[in-house]
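Dear colleague,

Please find below the structure that I am handing over to you. My findings follow it.

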Amino acid sequence: MENTQTSFVHRLVNHALVQSNVPEKDRQAHSAQLFSYAVRILGSKLSSKTLNDEQAVLQALRLELEQQGKASNAARLLECHQGLCSNASLSSSTRSGILRLLRLCAGSGRSRPSGEDLLGSTVSYLSKGGLQALASIPGSAASRPGSAYVAPPQPSNPQLQHQHQQPEPYSVSFPPSLSSSFSSNHSGGPARQDHDHLRRQRGAAAAGLHDSTSISSVKEPLLVRDVLYACQGITGKFMEYQDDNVPAHPSSSGSSPSLSSPGLNGCRGGYTVSQDVEVSEVEKMLVARLTELGWLFRRVKAHADAGAASIVPTASSANPTAAGPGSAEGWSAAAGTQGGGGAVRQALCSTLATELADFYRLMAVLEAHAMQPMPTPGDVDASGPYLTLRRLVVWLGEPLRRMRLLALLADSTQGLGGGALAGALYAHAQHGDPFVSSYVSKVLHVACVPLFDMIRRWVFEGVLEDLHGEFFVRKADWVADLVASTRGGDAGGLATLELSGGAEAQAGGKGRDLWRNGYWLEPAQLPSAFISEQLAQKVLRAGKSINFLQDVCGDGPWVQEAASAAAAAAAQAASFGHVEALERVVSTASAMVDRRLMEVLMGRFQFAKHCDAVRRYLLLGQGDFVQALMDLVSKELDRSAMQVSEITLNHALRTALGASAARYDDEDVQDRLRARKDRSAAGGESGWDVFTLQYDVRGPLATIFTRDAMGQYLRVFALLWRLKRVESALSSSWMVLQCEVERALSKFPQNQKGQAAERVQRQCLQLRSEMSHFVTNLQYYLMFEVMESAWQEMSRRVSCAADLDQLIDAHEDYLGTLIRKALLDAGSEALRVTLAELTSNMLGLHGVVQRFNEVVQSAERRLLAKQWRIKERTAAGQWGTVAGEDDISSVPSEELLPVEKRVDELQRVHARALQTFTQQLPAQAHDEVRFLLYRLDFQEFARRRSAIDEIL
């Protein structure tokens with residue numbers, strides 16, 4: 001029988017060599033090698049690990065026949081199977097083997113190659129280089145001395161050898177150490193050679209070619225025990241852990257790894273079966289699949305331990321990469337940096353520890369069942385253990401998925417903290433797999449508890465407890481000192497210090513504005529994935545409003561009462577952790593605090609009353625007060641700037657307040673109004689150039705009426721005050737021309753009234769009328785179309801304002817409208833230069849009129865003196881006129897000539913400047929300028945005159 005099998009193998013090998021077109025001279029050597037290889041395969045114990053499930057194989061055969069349309073054959077199969085079952089000599093495993101054989105035979109003609117094709121493929125592989133591997137096996141034909149096998153030449157260049165090496169597969173589900181061991185075993189490495197040597201000896205003994213040797217193998221229960229140990233990070237008797245910290249695929253993209261990315265944290269490692277242990281390839285693959293759980297377990301446990309250690313920062317946290325990115329020390333150090341010791345990071349590590357505890361309980365249950373025998377359906381022998389490697393694959397499938405997710409979350413969020421960590425977890429929760437989404441959401445719920453607690457305390461109490469810098473609301477360093485000073489002393493001192501001349505506020509300037517610069521959002525810590533920018537602004541404003549009420553408005557009792565009343569609802573929302581609940585709670589709290597803040601500003605601090613006072617006094621809206629002030633301070637302001645006294649100006653201011661309807665205002669409003677002289681005035685300026693009014697704003701209103709805002713008010717005041725001065729000067733000129741000059745000229749003889757004096761008078765009156773037309777229309781434009789309309793709009797917005805930000809925006813827009821439409825913005829520089837030239841020319845007319853009045857009055861005095869002398873001589877009986885006496889019948893022309901020239905010059909300058917102003921005015925973007933242009937030149941007189949001047 002043995003000789004028959006040997007001759008059959010020889011014939012099969014020779015036939016395969018002929019079919020593979022192997023040269024005849026090489027067939028003898030190849031025949032001996034292939035014969036030895038075939039004998040070793042036939043003598044080995046390779047067998048299928050398929051479960052002996054008779055019914056499963058029978059149903060598979062029946063389904064295949066029915067799918068092929070052979071229902072009769074399927075029925076015949078069931079009848080034959082019943083016949084097999086009736087035979088008591090056939091066991092269940094024997095019947096299962098018969099059915100599997102039938103299934104293999106039925107499918108051999110469709111998709112499975114024949115024995116010759118398989119052997120031919122083997123011959124082709126061995127003839128192309130596979131015999132080199134056989135040559136390294138002791139006892140093979142290629143390794144015996146005198147063999148005809150010659151190994152193919154290998155490239156001598158090391159680079160070419162390196163190019164022939166294939167990269168190792170590496171993923172989260174397949175550790176690289178295991179894949180490298182598999183590849184080395186399958187490619188003829190040392191471990192593979194040892195196992196092949198053992199199997200060769202066993203095969204040779206079975207075939208009768210070698211003496212049989214006693215080789216012990218590891219039983220599956222022992223492997224199951226070591227696998228359970230490895231899953232808990234413990235090295236067993238037959239397992240060893242390979243820790244390789246070399247990064248697998250370094251990447252600078254910064255993207256978070258996915259479930260199939262090449263390694264977590266870019267490090268290699270894993271459990272492998274010891275090389276001196278004999279296991280089958282199937283068992284080795286199952287062990288590699290199961291021990292991946294232990295590799296992931298060690299990584300998750302390292303992160304959890306690092307989070308527990310980061311509660312107390314150590315010196316090693318300064319350099320997280322010093323210990324290596326793949327080691328537990330490196331993970332611990334990295335977890336302590338950049339939010340590693342923060343509350344959110346600690347909450348995440350606590351979740352990891354909780355999941356590991358559940359995993360420990362599962363391992364304890366599996367270890368309890370590991371050695372308990374339990375029969376399975378269809379098994380005759382019930383002496384084997386219940387747990388096998390295949391059953392462990394089923395048992396540990398779900399824990400493996402969980403551990404992969406935990407390792408992925410821990411590694412992808414490494415180095416993050418606070419809101420950035422929560423945002424990264426939320427991004428992982430947005431997954432299409434319901435299991436991944438729900439599991440990560442559960443982790444996110446626990447990790448966000450500290451963040452939601454920070455939001456709760458900030459929104460309801462105004463407390464910012466952020467020791468690790470992980471909250472998305474930040475506070476300036478100087479706020480703590482100023483808040484401590486105000487809470488320890490005068491409440492409301494922050495805003496008072498800013499605008500009342502405190503040294504610290506003077507140094508800080510606008511940077512010490514508690515509302516604008518005390519608190520802000522940190523975009524890097526904002527989990528924008530589930531907390532929107534709008535919601536973050538509400539959170540910021542709610543806490544700012546509470547601190548503003550408590551520290552600036554002095555409303556601390558209400559803040560404490562409101563915080564205690566809303567504590568229960570806030571705690572419930574924070575523990576719930578849903579974004580919808582957070583939005584509702586934040587919106588409710590923000591609306592409540594904003595409503596209280598607006599009540600305090602409008603009620604206790606009377607924001608509307610002070611806004612109206614600024615409009616009436618700084619913007620010259622109180623007409624009778626402005627006129628009284630102009631009359632009282634004109635003499636003082638006619639002096640040089642160095643000689644003007646603030647005491648005299650403030651005395652005149654109090655007199656003007658008492659002489660107008662402003663005397664009915666509150667004393668608080670009157671006390672805030674002061675007359676000031678600009679200290680930065682240079683020499684040669686008059687008092688008109690340095691005079692200003694100042695309205696002192698204290699308390700919370702200083703947040704709205706800032707230094708910049710009051711500076712803009714003073715710019716508008718300077719323009720309006722200059723126009724009022726020009727208007728007063730033109731009115732005074734009219735009074736001089738129509739009263740004093742006209743009365744003096746009426747003393748001269750009637751036949752002399754058509755002389756030069758009346759001509760100059762008419763020129764002055766005409767020029768004064770043109771200038772008054774310009775000033776009156778420009779004032780009307782500023783007072784009504786600019787300031788009054790802007791005031792109405794601001795009043796409407798203030799009445800609808802729901803929070804302090806809206807109130808500040810309404811006031812700033814009001815000021816911006818005034819500056820832009822009053823031609824005081826940066827784009828109206830040329831217009832302001834032209835306007836300054838026009839007003840200076842108008843003020844120059846007043847001086848010319850005064851000079852003209854002096855000349856006329858001098859001529860009148862001479863005329864009256866001559867008439868008195870004539871009257872005296874006539875009374876004495878003498879002739880009234882004598883020879884040689886000057887004829888004073890009119891104003892001397894030589895004295896009027898300089899005045900007339902100056903009037904002509906002023907008229908030319910005014911015409912040129914007015915023409916320039918009307919040409920530049922349409923360049924402004926707002927519509928109100930068109931109405932101003934129409935009023936200034938409604939008859940197109942200036943345009944026609946400029947055209948005539950061009951023709952002449």
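Leu823 lies in the loop that links helix H34 (804–821) to helix H35 (829–875); helices here are DSSP runs of H or I with at least four residues, numbered from the N terminus. Although Leu823 is not a glycine, its phi is positive, at about 65°. Leu823 is buried, with a relative accessible area of 4% (buried means under 20%, computed with a 1.4 Å probe on protein chains only).

The model is predicted, so local features need pLDDT of at least 70 and side-chain atom pairs count only at pLDDT 80 or more, while totals for chains, interfaces and linings use all residues. Residues are numbered from 1 along each chain as its sequence is written, and side-chain values use heavy atoms, without hydrogens and water.

Leu620 also has a positive phi, about 55°, without being a glycine. Its place is the loop between helix H27 (607–618) and helix H28 (623–637), and Leu620 is buried at a relative accessible area of 3%. For context, most residues other than glycine have a negative phi.

Turning to helix packing, H10 (residues 220–231) and H13 (residues 343–370) pack at about 170°, with axes 11 Å apart; the axes are lines fitted to C-alpha atoms over the stretch in contact, and angles run from 0 to 180 degrees between N-to-C directions. The two helices are therefore roughly antiparallel, a term for angles over 145 degrees. Leu228, Tyr229 and Cys231 of H10 meet Phe359, Met363, Leu366, Glu367 and Ala370 of H13, where contact means heavy atoms within 4.5 Å.

Yours sincerely

Conventions
Parallel < 35°, antiparallel > 145°, perpendicular 65-115°, else oblique. Buried < 20%, exposed > 50% of the residue type's maximum accessible area, 1.4 Å probe, protein only.
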